[in-house]
Amino acid sequence: VSRSVHFYDAVTGVFTGRSFTVSEDAGGMHAAAVKANTPAGLAAFEGDCDPATQRVDTASGQLVPYQPPPPTPEQVAKARRRRSMPTMAQIHALEVSQARVLREAVLGDNAALQRLRTIDEAIIKLRSEL
Amino acid sequence: MTLDEIFEHTVRAGWKPRQVAVGEELARLEVSRTRGTCIAPLVVDGDLVYVDQRTPAQDGDLVQFALSARGAEAQNSALPEGQSPCRPGDRWLKLLVADYHGHAMLLDKYGNAATATFLSCESPDDTPVLRPVRNIARAGTLLYGPDSYASGLGMTAATVVYSATISSATIGTAGGAGHTLASLTVGPFFNATDLIATVSGYIEGDNTSATLQAAAWGTIFINTSATDFTTNPNQFSGGYVPVSTIEEFSFSCESLFTLAANTTQTYYVNGLNTGGTGMVETFTSGIFKIEAVKR
C-alpha cells in the first residue's frame, strides 16, 4: 500500500506530469517525505486526477475542468514524425532486403530486376504515406 | 548477505515479532514449550512461544511448522550422539527468509538452512504451512510488550519505497549541458539503510539534422548532485537514427547507495546527450524508484 501525490504549478494549478509515491511503511514520515520531495514552485495534490482535463483551482484546492493549450507547430511536426515511425521502419526493412536482389541483378539474373521493381514500388507507396 | 550471516545479523539488529500479541489476543494463540537451542538467543530452551495459526508467516518471522518426513529423515541421518531422533509432524521453529534467490528458506543459528518446502512439505509442489511467533514468554515473563515495534517488512525486503514518475523530461541537445530528469529525497531512518535506486522509462531520440545519427546516444547518471555528470554513468544507445526520424527504446539502470542512520539525502537522475549534432533526446514515461532496505 502506498500514498501518491501529483504535482501542479502553484500559480496556474496545471499538473506537471510528475508524481511522488511513498509506501505506507514510511508511517508518520509520509507528510515530511512529500514536503521534501515537492519541487520548488510546485504544490502537491493527493487523490485521483486527470491532468489532461483537470487542473487545481489554487484558491480552493479543488479540481476544476481544464482545456490544455493547442499544440505548438513544433509539437505538431514532432507528432507527425512519431506517427511515421512504423512506416519508416518498413522502408528501412525493404531497403535492407534489396542488397541481395541487387547482387543477383548485377550478376545477370533477369528475375531479380522484377523483384527490384517490386521493392521500389513498395517503397514509393510507403513514402506517399509519410 | 549470505544465509549464514542473516541469522547473526537478525539477532544483532534486535529481532521482534512483526505484530506483537498481548492481552486477550494471547488467548487465541497456540502455546508451545520449546526444546533445544537452534534459534537461541531468540528462543531458548524452555521458552513458551505464542504461535498464530490463523496468520500466514512473512519474511523475517520466527515460524512454527510441522516437520516433514523427508526433513526428519535428513535430520536423523547425521544425528549427534545422545540426541533423540526427530519424528515427522514434530513442531519446529526456524527463522524465515521468504525470498532468497527465489526460495523460501528456514534458518537456524548454526548456519543450517533448508527450503521451507523440504522441511515442511512432503512434496516440492506443496505449499509450506508456516505460522508466525507473535510473542515469547521466558521464565514466566512476556519478552515483548505492546510498545515493541518491528518494521513492517523483513530484513531482506524493502522497508520503505519512494518513487517519482516523470511524464517527459528533456535530456538535452547534443553538445549541450546535461539536465536533471528526476530527484528523490530519502530519509531519515532510525537504522542505517541500503538504498537501491532504479530508473526505467523510454528514451526518445529526435534526429532534426540532415545526416544519419550514430548509435551512441548518451548517458544517465544516478548520484547525489544535480550537476554531477560523471559519477555512476549508465551509457545508452538506441541505434542509428535516420534523418527526420524519431527513434525510441526502453531503458533501465540501477545504482546502490548506503544511507547513515538519522540522515537525509537527495538522489538525482541526470541525463547527458552525447549524440551527434541535431539529435534531441527526451526521457518519457519514466519512473525513478528508491527502495530503502534496513541493514
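How much area do chain B and chain A bury between them, and what share of it is on carbon and sulfur atoms? I looked this up before anything else, and noted that the model is a predicted one. The two chains bury about 1,800 Å² between them, with 45% of that area on carbon and sulfur atoms.

**Entry 1: the interface**

I then listed the residues in contact: chain B contributes 30 residues and chain A contributes 19 residues. I searched for charged pairs between chain B and chain A and recorded a count of 1 salt bridge. The pair is B:Glu204 with A:Lys78, and its closest N and O atoms lie 2.7 Å apart. For polar contacts, I found 8 residue pairs across the interface of chain B and chain A, both residues being at pLDDT 80 or more.

I next asked which strands of chain B supply the side that touches chain A. At least two residues each come from β9 (160-173), β10 (179-186), β11 (193-207) and β14 (246-259) of chain B. The most is given by β9(B), with 10 residues. By residue class, I noted that this side of chain B divides into 14 nonpolar, 12 polar and 4 charged residues.

**Entry 2: strand pairing**

I examined how β9(B) meets chain A. Strand β2 (residues 15-23) of chain A pairs with β9(B) in the antiparallel sense, over 5 bridges. Two of the bridge partners I recorded are B:Ala164 for A:Phe20 and B:Thr165 for A:Ser19.

I also followed β2(A) within its own chain. Strand β1 (residues 2-9) of chain A pairs with β2(A), again in the antiparallel sense, over 6 bridges. In this pairing A:Ser2 has A:Ser23 as its bridge partner. I noted that β1(A) and β2(A) form a hairpin with 5 residues between them. In the turn, A:Gly13 has a positive phi of about 80°.

**Entry 3: chain B as a whole**

I counted 3 helices and 16 strands in chain B. Of its 295 residues, 45% are buried. Among the contacts in chain B with a separation of 6 or more, I found that 75% are between residues 24 or more positions apart.

**Entry 4: salt bridges**

I searched the whole structure and found 13 salt bridges over all chains. One of them joins B:Arg138 to B:Asp47, with the closest N and O atoms 2.8 Å apart. This pair links distant parts of the chain: B:Arg138 is in strand β7 (residues 131-138) of chain B, and B:Asp47 is in the loop between β1 (30-33) and β2 (48-51), 91 residues apart. I classed B:Arg138 as partly exposed because its relative accessibility is 27%, whereas B:Asp47 is buried, at 1%.

I also looked up B:Lys94 and B:Asp108, whose side chains meet in a salt bridge (3.2 Å, N to O). B:Lys94 lies in strand β4 (residues 91-100) of chain B and B:Asp108 in the loop between β5 (103-107) and β6 (113-115), so the pair ties together parts 14 residues apart in sequence. B:Lys94 is buried, with a relative accessible area of 7%, and B:Asp108 counts as buried at 7% relative accessibility.

A further bridge joins the side chains of B:Asp90 and B:Arg87 (3.5 Å, N to O). Here I recorded B:Asp90 as buried, at 18% relative accessibility, and B:Arg87 as exposed, at 57%.

Terms used
Residues are numbered from 1 along each chain as its sequence is written. Chains are lettered from A and ligands numbered from 1 in the order in which they are written. This is a predicted model: local features need pLDDT of at least 70, side-chain atom pairs count only at pLDDT 80 or more; totals for chains, interfaces and linings use all residues. Side-chain values use heavy atoms; hydrogens and water are left out. Contact means heavy atoms within 4.5 Å. Buried area is the accessible area (1.4 Å probe) that two parts lose on being put together, summed over both. A salt bridge is a side-chain nitrogen of Lys or Arg within 4 Å of a carboxyl oxygen of Asp or Glu. A polar contact is a pair of N or O atoms within 3.5 Å; within protein, one must be able to donate a hydrogen and the other to accept it, and residues adjacent in sequence count only if both atoms are side-chain atoms. Helices (H or I, at least four residues) and strands (E, at least two) are DSSP runs, numbered from the N terminus. Ala, Val, Leu, Ile, Met, Phe, Trp, Tyr, Cys and Pro count as nonpolar, Asp, Glu, Lys and Arg as charged, and the others, Gly among them, as polar. Two strands pair if DSSP finds at least two bridges between them. Buried means under 20% relative accessible area, exposed over 50%, partly exposed in between (1.4 Å probe, protein chains only).
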